[in-house]
Amino acid sequence: MPHSQQTSYLPAPPATIFLIGVGGIGMSGLAQLLAHLGYRVMGSDRDADGPGRTVLMTQLKNIGISICEQDGEELRKQRPDAVIYSSAVESDNPDRKAASDLAIPEVPRAQALNDALNQVGGSQIAIAGSCGKTSVTGWVASALRELGQPVLMVCGGFAREFESGVLPGNFFSDEAPSWLVYEVDESDRSLTAFTPDYGMVLNIGTDHHERHELVQLFDAFLANCRVGAVTNANLATELASLSLTHQVCFADRVSSSHTTPVPGTVTPTGYTSAAEGITVSIADIGQIPTRQFGPHSAANAAAVLALLNILPGLPAQRTLAAALSAFRGVRQRFEVIGQAASGGWIYNDYAHNVEKIAAAVQTAQELGLGPVRILFQPHGYGPLGFMRDAFREALPDILGPGDDLVLLPVYYAGGTTSFSPTSAEVAADYAAAGLPVSAAPTREAAEASLFSSPGNDGVVLVLGARDPSLPVWCHELLAIGDG
């Protein structure tokens, strides 16, 4: 049965729903879910024709989602029954102004997603945390399908096994799903809008809010979980204890011992790394070969297994472990772009906060291919300012011998901003502290520096979020390296 709910923010299908910023990773997943439920879906995006958006926009159009200019005109003409917006959309956006003028209900994305999910039968599984939630969302959905369980998934990235010529991979649904797997976001505090059956908190990092605020947010989220929860054992003393029937922990650090900080914790006891991915060893389970990379992926595997352990009606642990091996990963999560003729390997990762960047760089170093050159494009002026001090303090431990960091210009997606700090200002600050950090005024300047010397080896690691042109640029870098 669908979840009961006190307030419904969306009209029933086949009402017309308009999404502002429909090309965003979260909004496009929601748009596909709404179309799947029988709504007439429309949307606008200020970067609809930008680099990297063509395939996604075509796929949305092919499943019946109308794409229009973000100027308010089509919205005034069509007069939809509700307008959905995210925290990235300003109140003076032309479409929001049109909705206000016409007194059309405006619904925040999280409330709309919650409403839509509550219309579907099945048990809900919500994945939260500062790092890794996109990969774990895809991994949980993959493992459940491998176990013969029908799922619905809404993910913050394009999961490879859910990609098709029709769908991009951030939404998928079997017929009559038993499990609804989705990720929830702490950046705009919207994760407290959800009341899932099962929840997971992977970690708490330096992103968006101060730690004490994040602890309160994740506590509130866990209190909304109806049946069970999985939490990081390292957070056991920070997060309030819950009176849930099923509550287990996973360890996010590889241990050489079977001793765990909390009884019953699922612990990765070791892993080996190879070109095709890591093989994780988990206490009482054995070895789990995966197509993922890095120690953070060992922790993610433990988190997925801990969750599967508390879901009713699933097979024994060793069968669950085997199901984890099938996961093919998510685009831009340490994605291999290729090896250039000049010798260097190019990887792309969505990392955009200190913890994620550290995990991506450690993974690149672990490959043993040579020095790592990090090209990082901050995903906004506010986020760069927020992480500025913590990133400077962490860099000496993140960078290895011969590694360096190049800051690309801050990604600006439009809207109100202070345009401060700039990447050049932050790079100068870091360089003054003796760190091997510089700024490139343009991508072309970064390219010229990158390939200025022949026989370039090592790893080029392109990092950054939100900008759909980054993966396109990574392939251009590979072509330049081959030239």
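Me: How many aromatic pairs does a search of the whole structure find?

Reply: The search finds 11. A pair here means rings of Phe, Tyr or Trp (its six-membered ring) with centres within 6.5 Å. Please keep in mind that this is a predicted model, where local features need pLDDT of at least 70 and side-chain atom pairs count only at pLDDT 80 or more, while totals for chains, interfaces and linings use all residues. Residues are numbered from 1 along each chain as its sequence is written, and side-chain values use heavy atoms, with hydrogens and water left out.

Me: Why is the pair of Y182 and F194 called tilted?

Reply: Planes under 30 degrees apart count as stacked, over 60 as edge-to-face and the rest as tilted. The planes of Y182 and F194 make 45°, so the pair is tilted, and the centres are 5.4 Å apart, within the 6.5 Å limit. Y182 belongs to strand β9 and F194 to the loop between β9 and β10, so the pair ties together parts 12 residues apart in sequence.

Me: What makes α10 and α11 roughly parallel?

Reply: Helix α10 (residues 354-366) and helix α11 (residues 381-398) pack at about 20°, with axes 10 Å apart. Axes are lines fitted to C-alpha atoms, for helices over the stretch in contact, and angles run from 0 to 180 degrees between N-to-C directions. Under 35 degrees counts as roughly parallel, over 145 as roughly antiparallel, 65 to 115 as roughly perpendicular and the rest as oblique; α10 and α11 are therefore roughly parallel. Their crossing is right-handed, the term for a near helix turned clockwise from the far one by less than a right angle, with anticlockwise giving left-handed.

Me: Which residues make that contact, and how do they divide by class?

Reply: From α10 come V354, I357, A358, V361 and Q365, and from α11 M387, A390, F391, A394 and I398; contact means heavy atoms within 4.5 Å. Nine are nonpolar, one is polar and none is charged. Nonpolar covers Ala, Val, Leu, Ile, Met, Phe, Trp, Tyr, Cys and Pro, charged covers Asp, Glu, Lys and Arg, and the others, Gly among them, are polar.

Me: How do you know that α1 is roughly parallel to α5?

Reply: Helix α1 (residues 25-36) and helix α5 (residues 109-118) pack at about 30°, with axes 10 Å apart. That angle makes α1 roughly parallel to α5. The crossing of α1 and α5 is left-handed. Residues in this contact include L30 and L33 of α1 and A112 and L113 of α5, and its classes are eight nonpolar, one polar and one charged.

Me: Why do β13 and β15 count as edge strands?

Reply: The order is β13-β14-β15, in an open antiparallel sheet. Strands pair if DSSP finds at least two bridges between them. β13 (268-274) and β15 (286-289) each have a single partner strand, so one side of each is left without a neighbour in the sheet. Six bridges join β13 to β14 (residues 277-282), and P268 has I282 as its bridge partner.

Me: What makes β8 and β12 the edges of the seven-stranded sheet?

Reply: That open sheet runs β8-β7-β9-β6-β10-β11-β12, with mixed pairing. β8 (171-173) and β12 (246-250) each have a single partner strand, so one side of each lacks a neighbour in the sheet. The twist averages 15° from one strand to the next. Three bridges join β7 (residues 151-154) to β8, and these two strands run antiparallel.

Terms used. Helix = DSSP H or I, 4+ residues; strand = E, 2+ residues; numbered from the N terminus.
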